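Here is a short report on one protein model. Look at the sequence and the fold first, then read on.

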Amino acid sequence: MLEPQPIAYDPDYEGPIVSVRGLRNSFGEQVVHEDLDLEVNRGEIIGVVGGSGTGKSVLMRSIIGLQSPDEGEINVFGEQILGKSDAKTIEIRKRWGVLFQGGALFSTLTVAENVMVPIREFYPDMDRDFRREVAKYKVCLSGLPADAAPKYP
Ligand SMILES: Nc1ncnc2c1ncn2[C@@H]1O[C@H](COP(=O)(O)OP(=O)(O)OP(=O)(O)O)[C@@H](O)[C@H]1O
Ligand SMILES: [Mg+2]
């Protein structure tokens, strides 16, 4: 069987390092990004600032390929990355690094499961059902509605 050939990157490439054009992201009815453009050039340091839930992480996730946008074009090191397999983009992905936000929630775990992570770490002998109860209690203490517990962040 033929292995997919990774895209070779051009080491002399001098264009924008990240280029986002016409990005659209939505979740059901909620539109997070509409026609968003962003360009980051070599040596530039850019901060993305905005209130909680305004779409900063979804933008980052789109650029690094963890989120499939509805529309738009994303080029990193001059290579179009959307719609390409992991095998095809591996050489490009080896060139970037991503740091996890301290204190952030794991997006693949529910809110309650996120709360249970440090409880399990610090109290490994605690009974699982009791851990669940404590997590629910802590979600309510935070001021979130109780029905937030089974939702994803
Ligand atoms: N997988 C998902 N399913 C449904 N909605 C989502 C999903 N991921 C993000 N959202 C929604 O998209 C919006 C933008 O979320 P995002 O995580 O990008 O916000 P943020 O700007 O990074 O916020 P914060 O400053 O709290 O990190 C929020 O309303 C969020 O609820
Ligand atoms: Mg975020």
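The report below goes from the model and its domains to the sheet, the helices and a few single residues.

## The model

This is a predicted model, in which local features need pLDDT of at least 70, side-chain atom pairs count only at pLDDT 80 or more, and totals for chains, interfaces and linings use all residues. Residues are numbered from 1 along each chain as its sequence is written, chains are lettered from A and ligands numbered from 1 in the order in which they are written, and side-chain values use heavy atoms, with hydrogens and water left out.

The protein chain is divided into domain 1 (18-93) and domain 2 (99-153). These bounds come from an automatic or database domain assignment. The C-alpha centres of the two domains lie 28 Å apart.

## The sheet

Four strands form an open sheet in the order β2-β1-β3-β4, with antiparallel pairing. The strands at the edges are β2 and β4, each with a single partner strand, so one side of each has no neighbour in the sheet. Strands (E, at least two residues) and helices (H or I, at least four) are DSSP runs, numbered from the N terminus. Two strands pair if DSSP finds at least two bridges between them.

Take strand β1, residues 18-27. Seven of its 10 residues are buried, so β1 is largely enclosed by the rest of the structure. Buried means under 20% relative accessible area, exposed means over 50%, and partly exposed lies in between (1.4 Å probe, protein chains only).

Which strands does β1 pair with? Seven bridges join β1 to β2 (residues 30-40), and the two run antiparallel. Leu-23 has Leu-36 of β2 as its bridge partner. The two strands form a hairpin, with two residues between them. Gly-28 sits in the turn, with a positive phi of about 60°. Five bridges join β1 to β3 (residues 71-76), again antiparallel. Here Val-20 has Ile-74 as its bridge partner.

The pairing of β3 with β4 is also antiparallel, over two bridges. Val-76 stands opposite Glu-79 in β4.

## Helix α4

Helix α4 covers residues 128-141. At 1.5 Å a residue, its 14 residues should span 20 Å, and its end C-alpha atoms are 20 Å apart, which agrees. The expected span is 1.5 Å times one less than the number of residues.

Which residues of α4 are buried? They are Arg-131, Val-134, Ala-135 and Val-139. Seen down the helix axis, the buried residues fall within an arc of 140°, so they line one face of α4. The arc is that of the directions from the axis to the C-beta atoms. An α-helix has 3.6 residues a turn, so residues three or four places apart point the same way. The buried residues of α4 pack against α3. On the other side of α4, Asp-129, Tyr-137 and Leu-141 are exposed.

Now the two ends. At the start of α4, a side-chain oxygen of Asp-127 reaches to within 3.2 Å of the backbone nitrogen of Asp-129. Just after α4, Gly-143 takes a positive phi of about 100°.

Ser-62 belongs to helix α1 (residues 56-63). Its relative accessible area is 0%, so Ser-62 is buried. Leaving aside neighbours within four places in sequence, Ser-62 is in contact (heavy atoms within 4.5 Å) with Leu-23, Asn-25, Gln-67, Pro-69 and Ile-74. Ser-62 and Arg-24 are 38 residues apart in sequence and 9.9 Å apart in space, C-alpha to C-alpha.

Thr-110 is in the loop between α2 (86-93) and α3 (111-122). At 10% relative accessibility, Thr-110 counts as buried. Not counting residues up to four places away in sequence, Thr-110 touches Ala-149, Pro-150, Lys-151 and Tyr-152.

Most residues other than glycine have a negative phi. Is Asp-35 buried or exposed? Asp-35 counts as exposed, at 57% relative accessibility.

Phe-77 is not a glycine, yet has a positive phi of about 50°. Phe-77 lies in the loop between β3 and β4 (79-80). With a relative accessible area of 12%, Phe-77 is buried.

Note on methods
A polar contact is a pair of N or O atoms within 3.5 Å; within protein, one must be able to donate a hydrogen and the other to accept it, and residues adjacent in sequence count only if both atoms are side-chain atoms.
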